[in-house]
Amino acid sequence: MRRKLLIIFLFLLLYSCDHGLKPPEVDTSMQYEEPGFGGTVYFRGTWPDTIYDLRVVAFRNYPPKNIINEVIEGKAKFSQSLPRRVDSAKYEVLADTGRWEYIVVALQYGANIFSDWKAIGVYDTTKSDTIPTPLYIPPGRFIRGINIVCDFRNPPPQPFKLSEIIGLLITKQTEIEK
Amino acid sequence: MKFLLLLILITSHLFSQQLQMGNLSGTVIDEETKQPIFGVNVVIENTFLGTATDQRGKFSIKNIPTGKYTVRFSAIGYEVKKEKVEILPSQETNLIVELKPTAYTTEPIIVTATRREQILSEIPVTTHVVESEMISNRNNLQIDDILRYVPGVNMIQYQVNIRGSSGYSRGTGTRVLLLFDGMPFLTGDAGEIIWEAIPVWQIEKIEIVKGAGSALYGSNAIGGVINVITKETTPKQSFRFRSYLGMYDKPYYPQWRWSQKNRFYYGGFASFNFFVGNFSALVHIQRSIDEGYKQNQSYHRWNLFTKSKYNFSPYSSLSFVFNYIRQKNETFFYWKNLRNALRPRDEDLGSRVNSERFVTFAQYKRILSDRLFYLTRLGFFRNKWNDNLTPQNRSTAGFINSEIQINYQINDKNYLIFGLDLTYNDVKSSLFGKRNSHSVAIYLQDDIKFSERLSISLGLRNDLYKLDSLKYTGQINPKFSAIYKISDALNFRTSFGSGFRAPAISEAFTSTAAAGVTIKPNPSLKPERAISFEVGTRLIHSLAMIDFSLFWNHYWNLIEPVFDIDGKIIFKNVTEARIQGAEIGVNVFPLTFLNFSIGYTYLFPWDLSEDAILKYRPKHIFYANTNVNYKILYAGFDFRFISKYERIDQLLKLIVPDAEARVPIYVVDARVGFDFRRLKIFANVNNLLQYNYVEIVGNLAPIRNFNLSIEYEI
C-alpha cells in the first residue's frame, strides 16, 4: 500500500514537470482581429447640396452628455471619410474592446469643422424607441454587419453639442496622425 | 418562552451556588529538564474555570466550589496530563505537575465547530486546524496561501471553496463565512473576504469547519466557516520582528517575459507585546510590497494590528482589537491572451484601486460561576475603496455587529449555548447606490452527553434580515450531530445541518460597466439555501491520525451572474445543485523528527438545473505534505493536485481570450529553515517545478518564486 502511494505521488510529481500551460506554438494572433466594427451605411432621400465630410463615429456612452470627456481623452472612435452621393457605403471603425452605446453617422455640412456637423443616422435596431442600440466588442473580434440607415427626410434626434464634439475629435485625431 | 426558561435556570443556578469555596495553585515543570513551562493551559474539566502558567510555570485558580475534579494540563510540545484533585473549603490545594515532552502532534482544541472549547476527537463535524508554526515556516504572506493546503479546500483566485461550495462569483458574495477572532469579517458592500487585511504572523491558528454552519453562524456559513484566531496577549514584554525578501523567477516561456528587470516582493513586521499590571497589549505593524510577476499587478500595503486585554479578575476580562489596512494596488483583470499571459488587456493598463479598511471590536467575557459564563462583543468593520476609472467607482461600507453568547453547563450531561446576534450595514457606493441592511438572530444549542461514548448536539438558529427597501425575510436553520466513541482512539460521527446566504448588496444592486461588461441590478433576489449531511470516522493514535468522511450537500437558489435578454449581466437565482463526495486525511508520525500527511477529496458537483457538472468545481483535490524537524534544522515539501475544472461559464469565454486554456494543477513548494530559538531563518521555493496554471480563467497563477525570511524575538 505504501509503495502504491509512493508510486502515485511520484507519478503526480513527475507529471507536473510538463510545465502546464504554454503559449500557442502557432501565433494565434493570426486569428486575432483588430477589435472594431463595420458594415454598410444606406442612404435614403435627397443628398444635401454641400457636404464637407461624412463619417461613422462611435461613443462609449448614451445619452451623450459626457461625450466631450470621451473625445478629449481620445476614447471616441471614427471611420475614414465615406463616399458621398451614393446609395450605400461600406465602413470600418477600429474601436477598443467593450461596450459602445452610441454609433452615429455624422455629416459636415459647412466649412467650420468645429461646428457644422449633424447626425444623419444612428445604429438602432429597435423601432419601438429612439434609444440607440449598444454594441459589445469582445477581445480580438471585429464585429461585422453593423448596418445603419440614413434617411435625409427623417434625421435622428440631434444630440447636444454633437457638432462641436465631432469637429474636435477629428481635429485631434488629425493632429495625432501628423 | 425558551428564553424565559433559560433565564430561570441561570438565575436559580446562581442562587443555588455553594458558598464553600477553595483554591488551586501549583507549578508545571518539564519532566526531563525540570525547568518551569510557560503558557501551559490548566483547565478544570466540566467547568469554565481555568488559567495558564506564568513564566515561572506557576498557576492559580481561586474561588472553586468544593468537590472532586479532574484538572487537565496541556501545552504545545508536551503530552496532555490529567490530575484528580479535591478542593476543600477555605483551603488551597497545591500541585507540582511534570509534563512529558513529545514530538507527536497533540490533539488541537477547537472553538468554532460548536462555539465552545472541545478537543478534536470530540468534534462531530469535519474540522481542520492550521497552526501558527506552519504559517511561519512556509512564509505565507496571506491566509489564502495557507488555505491552499487544507484538505477539501481550494481557492479560485481570491474565492475560497470548501468542498466545492462557492465556485467563482467575481468577488461578490461568499459561501464561506470568515470570522476574525469570532467577528464576521466580510465587507458590507460586496460581501467579500479581504484576505490581505489579516496579519498572518499574528495568527495563533485557523479553524476550518466544513459543511453548512448557518445553524450557529447565520448567513454566508452555507458552505463552511473559517475562524482566524490571533495570538493572545501575554503578561510579558517581548519584541519580535521579521523581514522577508522574495523574487519571482523569469517566466518559463520567453514569449511571456514582459519586463527586463527581476520582479521582487519584500516587507516585514515588528511587533511589541507588553503588560502593566492586569493590562497586556500587542502592537503589530507590517509593510508589504510586491512588484508583481504580472504587468499591472503590483501592490503597496500597510497593516496595523493591535490587541489588548484587561483582566478585571481571574473570571472577567475585556479585550479590544483594532486591525487596519491601507493599500494601493494595480488591478489585473484578465490576460491579453495566452501568448501574452502575463500582460493585461491594453485598456486595463494603469488601472488601480486605493483602499482603506479597518475592523475594530471589543469583547467582554465574564465567568459567573464554574458552570456559567457569557461573552459579549461589539464590532465595526469599515471598508472604503476607489478606483481610477472614468467615471470613478468608489464605495464606503460600515458593518456593525453585536453579539452576546451565554454558555451554561446545566450538569455533567447537558451543555447549553444561547446567543443573540445583531448586524447593521450601511453602504454608499457609486456602484450600488446608498443602501443598508440589518439582521437579528437568536440561536440555541444543547450538547447532550448520553454516556461516556455517545454525545449529541442539537441546535437551531432563527435569522430575520432586511435588505434595503425589500421585505423582511426569515430563515430557520436547524442542526443535529452525534459522535460515538468506540474507544479512546476511534470514533464515528454524523451531522446534519442547513444553511443560507442572504444576497450581498452588490448582487442585488450593482449597476456598472467594468472590464468590458455591463452589470444591472436585480432587487428581487432570494436567499440561497442548503442542507448538508455527513458521516465520518476518526482514528487518533500517537503514530497516526486518520479521518474519513462521506458528505452530501444540496443547494437551492444559487445566485449566479447570467446574461439577460438585453445583453447585460444580472445576478439571478438560477441554480439547484448537489455536491456529494468523500474525503480522507491521513497524518503519520513514523519517527520523532518526521511527519507525513496526505488529504484527498473526491467531489461529484452536479448542476441539477442544467444537468451538467457544476462550473468551477474540480472533481479531485489531493494534498501531500512532509516535514522534517531535526534539532535546529527544519525542512518540508508540499504538493497539491487539483483536477481541471470541466466547466466555466459562457460569459467569461466571451470576455476572456483563450478562456479554455486550463490545465490540472500540480504544484510543489519546498522549504528549509533553521530555528535557533530566538533567531529563525526560513528559505522557501514556491512552485518549484515552474508549473503554469490558472485558478480562474485568464489569470496565470504565481510562477516560481524564492524567498528568504528572518525572524528575531527579544
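Trainee: What makes E39(B) and E40(B) a hairpin, and which residue in the turn has a positive phi?
Mentor: E39(B) and E40(B) have two residues between them, and B:Lys631 in the turn has a positive phi of about 50 degrees. This is a predicted model, in which local features need pLDDT of at least 70 and side-chain atom pairs count only at pLDDT 80 or more, whereas totals for chains, interfaces and linings use all residues. Residues are numbered from 1 along each chain as its sequence is written, and chains are lettered from A and ligands numbered from 1 in the order in which they are written.

Trainee: Which strand does E40(B) join through another ten bridges?
Mentor: E40(B) is joined to strand E41 (residues 665-676) of chain B, again antiparallel, and B:Phe637 stands opposite B:Ala670 in E41(B).

Trainee: Why is the pairing called mixed in the open sheet of five strands in chain B, and which strands are its edges?
Mentor: In general, strands of a sheet pair through backbone hydrogen bonds, either parallel or antiparallel. The order is E10-E15-E16-E13-E14 in chain B, with mixed pairing, and one parallel pair is formed by strand E13 (residues 177-180) and strand E16 (residues 224-230) of chain B, over four bridges. There B:Leu179 stands opposite B:Asn227 in E16(B). The edges are E10 (127-131) and E14 (183-184) of chain B, each of which pairs on one side only.

Trainee: Why does A:Pro139 count as buried?
Mentor: A residue is buried if 20 or more other C-beta atoms lie within 10 Å of its own, exposed if 12 or fewer, and partly exposed in between, with C-beta atoms placed from the backbone. A:Pro139 has 25 C-beta neighbours inside 10 Å and therefore counts as buried, although its place is in the loop between strand E8 (135-137) and strand E9 (142-143) of chain A. Leaving aside residues up to four places away in sequence, A:Pro139 touches A:Pro35, A:Thr97, B:Arg345 and B:Pro657, where contact requires C-beta atoms, placed from the backbone, within 7 Å.

Trainee: What makes a set of residues a nonpolar core, and which members of the largest one touch the most others?
Mentor: A nonpolar core is a set of buried Ala, Val, Leu, Ile, Met, Phe, Trp, Tyr and Cys residues joined through C-beta atoms within 7 Å. The largest has 111 residues, of which B:Ile143, B:Leu178, B:Phe185 and B:Ile206 touch the most other members. Apart from it lies another core, of 31 residues, including A:Phe37 and A:Ile103.

Trainee: How do you know where confidence is lowest and highest in chain B?
Mentor: We use pLDDT, the predictor's confidence in each residue, from 0 to 100. Chain B has a mean of 87, with 95% of its residues at 70 or more; confidence is lowest in helix H1 (residues 2-15), at a mean of 48, and highest in strand E19 (residues 279-290), at 95. Where pLDDT is low, the predicted coordinates should not be read in detail.

Technical notes: Two strands pair if DSSP finds at least two bridges between them. Two residues are in contact if their C-beta atoms, placed from the backbone, lie within 7 Å.
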